[in-house]
Amino acid sequence: MTTTLGSSRPTPEGLRGLVQPDRVHGSLYTDPAIFAAELERIWYSTWVYVGHVSEIPRPKDYVRKTIGPQQIVMTRDTDGGVHLLQNRCAHRGNLVCEADRGHSGSFRCPYHGWTFSNTGDLLGAPFNQGYGGREGLKELGGLATVPRVGIYRGFVFGSLAAEGPTLEEHLGAAAERLDRLARLSPEGEVELTAGFVQHEVEANWKMLVENETDGYHPQFVHSSIFSISGSSIGDLYSDKSTAVTRALGGGHSENDLAPEFRRLGVPMGWAGTPESKIPDYVAQMRDVYGTETGDEIMINGSPHIMIFPNLFVAEIQLFSIQPLAVNRTVQHVTAIQFKGAPDLNRRLVTQCVGSVGPAGMLLADDAEMYERNQRGVEQLRPEWLDLRRGLGRETTDDDGYTIGTATDETSMRSMWSHYLTLMDPQPATAPQESTVEGAQA
Amino acid sequence: MTVAAQQIVDGTPAPTAGNDTGTVTPIGVDEAAQFLYREARLADAHELDAWEALWTDDALYYVPIDDTADPMTSMSIIFDNRGRIATRIKQLHTGRRHAQRPPSRLCRTVGNVEVLGVEGTDTVVTSVVQIVESRERGTRFWAGRVTHKLRRTDDGLRMSTKKVVLVDSDRPLLSLSFLV
């Protein structure tokens, strides 16, 4: 499988050969050299979802997060600003933040006592005469910060590249889906306050990204739970479904299930929750948005969108994908909570807990597929993974986006097309070197 | 265990005061241990129906991430009421629960059994479990502190609560698709 590239650094020509319009090569999931290049060109370059402002509501709050294998501390300063710091002491590289979350305006390295503010500035180093006194401290560095931090609807993204497209450019049409998600709150805000379950899989991260908007698999992977719970989710992903798979550009894609939800025509029908179970929520939504608009919001439901490379919103749950090695990935999963909707939120937590995580009645089966797939692509032949499903029946919607039917692989093809633009940038501009410097500055 | 933990949002009746007149014959440590061993053996052997029959109707099967958090507002690894336990068992019975196809080969040790006291009609028992799980992807070791609430019924001992606090509950975990 690695014969095409060996273990050498992948060249643009080599990558173009591996990513083709209707198939991709198995080594993309198994070659450590390709994984190393992905970290550099995707994870340490493009915008990556890190966390949500609701996880650090007060000044001085902090929470540990990640960008791929990179340890990040997300902090809120006294003025309310959000910062992303690399968890690495400027002295000898120790992790300065040990707790998963907490409340502190500064971080003291346990090794030699260097202290940093929650914006990354060096506040002090013990016995500073060794550095020529207080003046000498100015020569020393602070914590590295993620060069670019962007927030949209409370979702905090970071880019380890000092320059590049803006967050708005990166999100493109995905932004409107986050708007749609937020509108399901009577106060217009999402909150991620339920904590995360961390589910590890022995598989390449792209197996997960591709699966998130793969409408072909639910009927098979999840048939066990659909058949006994009487769930109609399986029908959303069938030949008869009016749902579509949409390529949103930028590697983002969605399963647009709203046409099916509108056919149901019932507020919160998409969530399988009758109005009678959440009367306060429904009443408040109608009160805030007006009956007609409120009902429309509650009928159309929540998005099912994969925001490349690591944020997956699946109606009521949110996944953050963290690659650790070519065959090791962690999914951080939480129940989405809507500000001002306590009755709905409690249902969302219990519903989500039943579905996701290591013991989840849906996600444990997805994880099994990822891991079997990983072991499968390590086999030599037939070398390629087929991506042609629906290629001949794609159309363009009114907004100019490519769409396929509910079960077509339109989303995967668009992900790979964007992948190639990131992995195979124009050689003349050579932005990679500055990217690496930015990541380690 | 919080009261809230016993009333899952999607339909659990509130815990009953018990099924007798209030006199509880204490459950000793030997009797409790025998129950725990049997439960462990049934789970290891994937004797799904026999395992399910050990539960009371007001069951709570709980594997927290953070044992101090409120499971009504925080994520858990497992938070099953009686209905959801039944769903879990039915899913395993379909033969299409891929994460358990083929079923994990399991061997668990239950130890350090202590009777902590009585809560209403239930006797609270704590123990430690260590589980070796073998699957195609490899062999995995699981360990945790377990709390059982056992109740004497006309049909013998039953469990109303089983809580398993894994030593690594707040870290990334591979799939845990067998009955822990």
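I began with the buried residues of helix 3 of chain B, and they are Arg82(B), Arg84(B), Arg88(B), Gln91(B) and Leu92(B). Buried here means that 20 or more other C-beta atoms, placed from the backbone, lie within 10 Å of the residue's own. Helices are DSSP runs of H or I with at least four residues, strands are runs of E with at least two, and both are numbered from the N terminus.

Before going on I noted the ground rules. This is a predicted model, where local features need pLDDT of at least 70, side-chain atom pairs count only at pLDDT 80 or more, and totals for chains, interfaces and linings use all residues. Residues are numbered from 1 along each chain as its sequence is written, while chains are lettered from A and ligands numbered from 1 in the order in which they are written.

**Helix 3 of chain B**

Which elements do its buried residues pack against? In chain A I found helix 8 and helix 13. In chain B I found helix 2 (48–52), strand 1 (55–64) and strand 2 (76–81). Just after the helix, Gly95(B) takes a positive phi of about 80°.

**Chain B as a whole**

I read the pattern along the sequence as α-α-β-β-α-β-β-β-β, which comes to three helices and six strands. Of its 180 residues, 38% count as buried. I also looked at contacts, meaning pairs whose C-beta atoms, placed from the backbone, lie within 7 Å. Of those with a separation of 6 or more, 59% join residues 24 or more positions apart.

**Where the chains touch**

I found 34 residues of chain A in contact with 33 residues of chain B. On the chain A side, the elements giving two or more residues are strand 14 (197–201), helix 8 (223–229), strand 20 (328–335), helix 13 (342–355) and helix 14 (363–377).

**Chain A domains**

I looked up the domain assignment, which is automatic or from a database. It gives domain 1 (49–150) and domain 2 (175–423). Their C-alpha centres lie 34 Å apart. Seven residues of domain 1 are in contact with 10 residues of domain 2.

Last, I turned to UniProt. An unreviewed entry carries the annotation "domain: Rieske" for residues 48–126 of chain A. In the model, that span is 0% helix and 46% strand, with its end C-alpha atoms 36 Å apart.

Definitions and conventions:
Contact = placed C-beta atoms within 7 Å. Buried ≥ 20, exposed ≤ 12 C-beta atoms within 10 Å, placed from the backbone. UniProt positions renumbered as here; feature names shortened; annotations may be inferred.
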